[in-house]
Amino acid sequence: MTSVLALALAAVAQGADTMGVMDTTDRHATMAAEHQMADPRVDDPHMKLSAARPLTAADSARGAALVAQIRAALVVYRDVQAARADGYRQFLPGVAQPVYHFTSRFNAVREMFRFDPTKPTSLLYRKRPDGSFELVGAMYADRAGASEDELNERIPLALARWHEHVNWCVPPPGARERWTETKDGRPVFGPKSPIATPDACAAAGGRFLPRIFGWMVHVTVFGSDDPRVIWGHAHEH
């Protein structure tokens, strides 16, 4: 795939197995994942969420400090030109998306090894009616093998539900045209497909990938002052 998000996260976090879904340089998979990230669901067989933990006073205090730190560091990127000047590149420019990711390849790689809330993998924007970009938050990432304790060290799991893209059935190599296949009105391949097991994928003539990319979390610090929205829990209500 052509996006720096896909290339950086897949190459570092997943290795050669995940790169198999990248081999077509096709936008169907990336767009499907993008829409899935915009509305992660607990009952989605293609989405794995980190387990929720009981909220403590320490978690709340750490969360408030993180929000303040992120807002102070990223407010400069309300001007999308400042983001571009600092190496953030738009994911799939020219394609309408619910949330637009501007991703730093350098930050994406570094996030596999360290967490710096002031240097996220991606900046998140929405488009205003006039076509300009409005900064709403940031996306952070971690490697696929990270434990939930490690994720909790970065952002408390009592506040945020990290997610992974899992159980994808994708077309075999060299069959990019099959991304558009449907059956009974639903896609055969990708995260909108009802296929979520190796056997069902094999029966459809596809290739099963148990995991795509690594762990990710969206933090919508500029989109709202509501903690449920900031930490991504609004979709559960």
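My entries start with the ground rules and then go from the whole chain to single residues.

**Ground rules.** I'm working from a predicted model, where local features need pLDDT of at least 70 and side-chain atom pairs count only at pLDDT 80 or more, while totals for chains, interfaces and linings use all residues. Residues are numbered from 1 along each chain as its sequence is written, and side-chain values use heavy atoms, with hydrogens and water left out.

**Overview.** I count nine helices and nine strands; these are DSSP runs numbered from the N terminus, H or I of at least four residues for helices and E of at least two for strands. Of the 237 residues, 51% are buried, meaning under 20% relative accessible area with a 1.4 Å probe and protein chains only (exposed is over 50%, partly exposed in between). I also looked up contacts, defined as heavy atoms within 4.5 Å. Among those between residues at least 6 apart in sequence, 68% join residues at least 24 apart.

**The sheet.** I traced an open sheet of seven strands, ordered β1-β6-β9-β5-β4-β3-β2, with antiparallel pairing. Pairing here takes at least two DSSP bridges between two strands. β1 and β2 are the edge strands with a single partner each, so one side of each has no neighbour in the sheet. α4 packs on this sheet, touching β4, β5 and β9, and its direction makes about 125° with that of β5; the axes are lines fitted to C-alpha atoms, for helices over the stretch in contact, and angles run from 0 to 180 degrees between N-to-C directions.

**Zooming in on β3.** β2 (residues 89–90) pairs with β3 in the antiparallel sense over two bridges. I found Arg89 opposite Thr103, and Gln90 has Phe102 as its bridge partner. On to β4: four bridges join it to β3, again antiparallel, and Thr103 stands opposite Ser122 there. Which way do the side chains of β3 point? Tyr100 and Phe102 go one way, His101 and Thr103 the other, and all are buried.

**α4.** This helix has 18 residues and reaches 26 Å from first C-alpha to last, close to the 26 Å expected at 1.5 Å a residue (that is, 1.5 Å times one less than the number of residues). I noted Asp59, Gly63, Leu66, Val67, Ile70 and Leu74 as buried. Why do they line one face? Seen down the axis, the buried residues of α4 fall within an arc of 100°, so they line one face of the helix; the arc is taken from directions from the helix axis to the C-beta atoms. Turned away from that side are the exposed Ala57, Ala58 and Ala72. Cover for the buried residues of α4 includes β4, β5, α7 (148–154), β9 and α9 (227–230).

**Cores.** A nonpolar core is a set of buried Ala, Val, Leu, Ile, Met, Phe, Trp, Tyr and Cys residues joined through side-chain atoms within 4.5 Å. The largest has 31 residues, and those with the most contacts inside it include Tyr77, Leu123 and Trp231. Among the elements giving it two or more residues are α4, α5 (80–85) and β9 (207–219). A second, separate core of 16 residues includes Met139, Trp168, Cys169 and Phe213.

**Ser50.** I found this serine in the loop between β1 and α4. Buried or exposed? Ser50 has 0% relative accessibility, so it counts as buried. Leaving aside neighbours within four places in sequence, Ser50 is in contact with Glu148, Leu157, Ala160, Arg161, Trp162 and Trp215.
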